[in-house]
Amino acid sequence: MARKGSLQSKSKSPPAFDFLFILTSSRFKPDKEGETIQYTGLSQSAIREMALCTELSHANVVQLEEIILEDKCIFMVFEYTEHDLLQIIHHHTQPQRHAIPAPMVRSIMFQLLNGLLYLHTNWVLHRDLKPANILVTSSGAIRIGDLGLARLFYKPLNSLFSGDKVVVTIWYRAPELLMGSRHYTPAVDMWAIGCIFAELLSLRPIFKGEEAKMDSKKTVPFQRNQMMKIVEILGLPRKESWPGLASMPEYSQLQSLVLHRQPSHFHRGSNLEGWYQSCLKNGGYSSTSSAGTPGSDGFDLLSRMLEYDPSKRMTAEQALEHPYFTNGGPISGNCFEGIEGKYPHRRVTQDDNDIRTGSLPGTKRSGLPDDSLMRASKRLKE
Amino acid sequence: MAANYWASTQRRHWLFSREKLVDIREGLREKDKVAHSQFPLPDQRLLNIYFNQQLIKLGKRMSTRQQAIATAQVYLKRYYTKNEIRQTSPYLVLTTAFYLACKMEECPQHIRFVVGEARGLWPEFITPDVAKLGECEFALISEMSSQLIVHHPYRTLSELQTELSLTSDEIALAWSVINDHYLTDLPLLHPPHVIAIMAIIVAVVFKPTHPSAYPGTGQSALASSMRDGGGMQMLAALSDKTGSGPPPKIQKLVGWLAESEVDIRAVIECTQELVSLYEVWEQYSEKSCKELLGRMVKSKNLDK
């Protein structure tokens, strides 16, 4: 039934082989000796990821090498990538903060948007974009990875919300999702890209909220704290500039937020520009420095991606034509070009379930309970 | 990929020539000649009609959408290009194809619910053990090399609706023609847009007088209207675009076809395939399919 030639033989291969194994199983994780392992049906997210990765092919999307079905487990073997954005950002905070050079940020963003445009034109929503899921090869190519929450959105038979109640890791979750929108669009991915852009520049998540847990009745709570973090920088969303706002399920929650907090946050407008300028200053980005600066074009791009109203938010296609990319010379397909010094390789672990590469709470795939599949995101290096 | 049929695994791996398909089936037959002579089965299309009816029954209580049923039918076809039907339990395979298709088409059903429903329909053939279905799902995914995204003609149909100013009756008829094409090998032989155009031509040119809500009668109305010189009419219309005969709607369609780069010969071939489906349909007997399959599964212990 399962294909032969497999995990065992691969792990005996010489050390030159580096594979990323994603083990999509948990209940039948063979850790309990003697327990008979049962087929329980695969999770919808495993099915989606396998089907999508099999179909997709783009320089900025992770390349699937092979899927091995064996011993009631599925191993998705991907091309090995040495780095990811989370690790790169982390590297720049140590031993002290030193900003990522502006041309590198520009190359990362361009490649990232290219990959996203490919996904969106193929009717694929990623729904879990965050630095940990953006892989980088040693030659500086960006690969969008982890399609475990991705799905097709061409004329869905059911509303997107009814399929998965919670999508996108909390810090990167778009306001329309926080407001409980039943229908959403590729704009949710663009919000996350905006957050990633901000994080590349400031080396910290721009909206680092705390997630409210789902209660025992499995109702999805209003993410008050996360919404507050956004409001603190962007000001309160307004019906005048976001006409759909008042009909959002959590609109009354948003209003109660206004009543219960001190009003200082709410009466001013967006402070994104202030945030951006101090970020450039702290990072030592300047037009006279050797590292260069994302400048005012960078701000304009960021503000269009962090637009409250999803229908006005910039699309991947529009972003690629933004002056941030069209001005200021060619963009390298190698984000490390001209960069001195090396980034450390990703930590290769046997069981990597910590917060760095594992899913943050609230992003657990809400598949049907028939499967017990959870990503163990296992990386083996022999 | 998902939007691009030309780059899809469906086009690259699941599109066969007629000869190739014959070879594949001949190969499967060669491997198990004994079973073939011991367990004769009805014409593949009659079996497909039976499977389709079973899938619809299974989907009914879960109010499954047609697209998921269509995907399940394609999975069945793909699976049986790799496996001899006489070595499988068709009821298990079809339940599994349904379960998997529902997940892929984003209308998932719980495995226990699917098994429960299937047991309600075919108690002799489906065990209460969900692991059986899980195991079969593994086999199905493996045989299909995880290539689970299926491009359907329904999409082309709705995309062309405005361009060809199709009426809702014509759309409904074309839709049911597309439903019917899953009963043939056409999904393995032609790209979805060719099928969609065939369905549109059939709907616009033949237009049976009363498209019925009941599948049986609808088909025979369509079949007879296609047989009674209709085919000739269409072929004439296609080849003679200056002719004064056909009504404006058909002229418009013919004009559109001439400008598009659609393979007209493939479209005509599909139409003929459909006509012969409707002819063979007259021999269909649910009882005989059920008995032959039942005998095969029981005597070979395939349900174990």
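## Contacts and fold of chain B

In this predicted model, 76% of the contacts in chain B with a separation of 6 or more join residues 24 or more positions apart. Chain B has 17 helices and zero strands. Of its 304 residues, 43% count as buried.

## Two domains in chain B

The domain assignment divides chain B into domain 1 (5-150 + 285-300) and domain 2 (153-281). Their contact takes 19 residues from domain 1 of chain B and 14 residues from domain 2 of chain B.

On the domain 1 side, the elements that give two or more residues are helix H2 (18-31), helix H4 (44-60) and helix H5 (66-82) of chain B. H5(B) supplies the largest share of that side, six residues. By residue type, the side of domain 1 of chain B that touches domain 2 of chain B divides into nine nonpolar, five polar and five charged.

## Contact between the chains

The contact between chains A and B takes 31 residues from chain B and 29 residues from chain A. On the chain B side, helix H6 (90-104), helix H7 (111-121) and helix H8 (130-143) of chain B are the elements that give two or more residues. H8(B) gives the most, with 10 residues. The side of chain B that touches chain A comprises 15 nonpolar, nine polar and seven charged residues.

## The largest nonpolar core

In soluble globular proteins, nonpolar side chains tend to be buried together. Here, the largest nonpolar core has 169 residues. The members that touch the most others are Ile193(A), Met305(A), Tyr75(B), Ala97(B), Phe98(B), Ala199(B) and Ile200(B). Helix H12 (residues 192-206) of chain B gives the most to this core, with 13 residues. The core also draws at least three residues from each of domain 1 and domain 2 of chain B.

Leaving aside residues up to four places away in sequence, Ile200(B) touches Leu157(B), Leu160(B), Leu164(B), Leu166(B) and Ala174(B).

## Helix H9 of chain B

Two of the residues touched by Ile200(B), Leu157(B) and Leu160(B), are also buried residues of helix H9 (residues 153-163) of chain B, along with Pro153(B), Tyr154(B) and Thr156(B). Seen down the axis of H9(B), the buried residues fall within an arc of 155 degrees, so they line one face of the helix. On the other side of H9(B), Glu159(B) and Thr162(B) are exposed.

What covers the buried residues of H9(B) includes H5, helix H10 (168-181) and H12 of chain B. After H9(B) comes Ser165(B), with a positive phi near 35 degrees.

## Helix H11 of chain A

In chain A, helix H11 (residues 272-282) has the buried residues Tyr276(A), Cys279(A) and Leu280(A). These cover an arc of only 95 degrees around the axis, which puts them on the same side of H11(A). The face turned away from the buried side of H11(A) carries the exposed residues Gly274(A), Gln277(A), Ser278(A) and Lys281(A).

The buried residues of H11(A) pack against helix H7 (187-202) and helix H12 (295-305) of chain A. Gly284(A) follows H11(A), and its phi is positive, near 70 degrees.

Conventions. Residues are numbered from 1 along each chain as its sequence is written. Chains are lettered from A and ligands numbered from 1 in the order in which they are written. This is a predicted model: local features need pLDDT of at least 70, side-chain atom pairs count only at pLDDT 80 or more; totals for chains, interfaces and linings use all residues. Two residues are in contact if their C-beta atoms, placed from the backbone, lie within 7 Å. Helices (H or I, at least four residues) and strands (E, at least two) are DSSP runs, numbered from the N terminus. Ala, Val, Leu, Ile, Met, Phe, Trp, Tyr, Cys and Pro count as nonpolar, Asp, Glu, Lys and Arg as charged, and the others, Gly among them, as polar. A residue is buried if 20 or more other C-beta atoms lie within 10 Å of its own, exposed if 12 or fewer, and partly exposed in between; C-beta atoms are placed from the backbone. A nonpolar core is a set of buried Ala, Val, Leu, Ile, Met, Phe, Trp, Tyr and Cys residues joined through C-beta atoms within 7 Å. Domain bounds come from an automatic or database domain assignment. The arc is that of the directions from the helix axis to the C-beta atoms.
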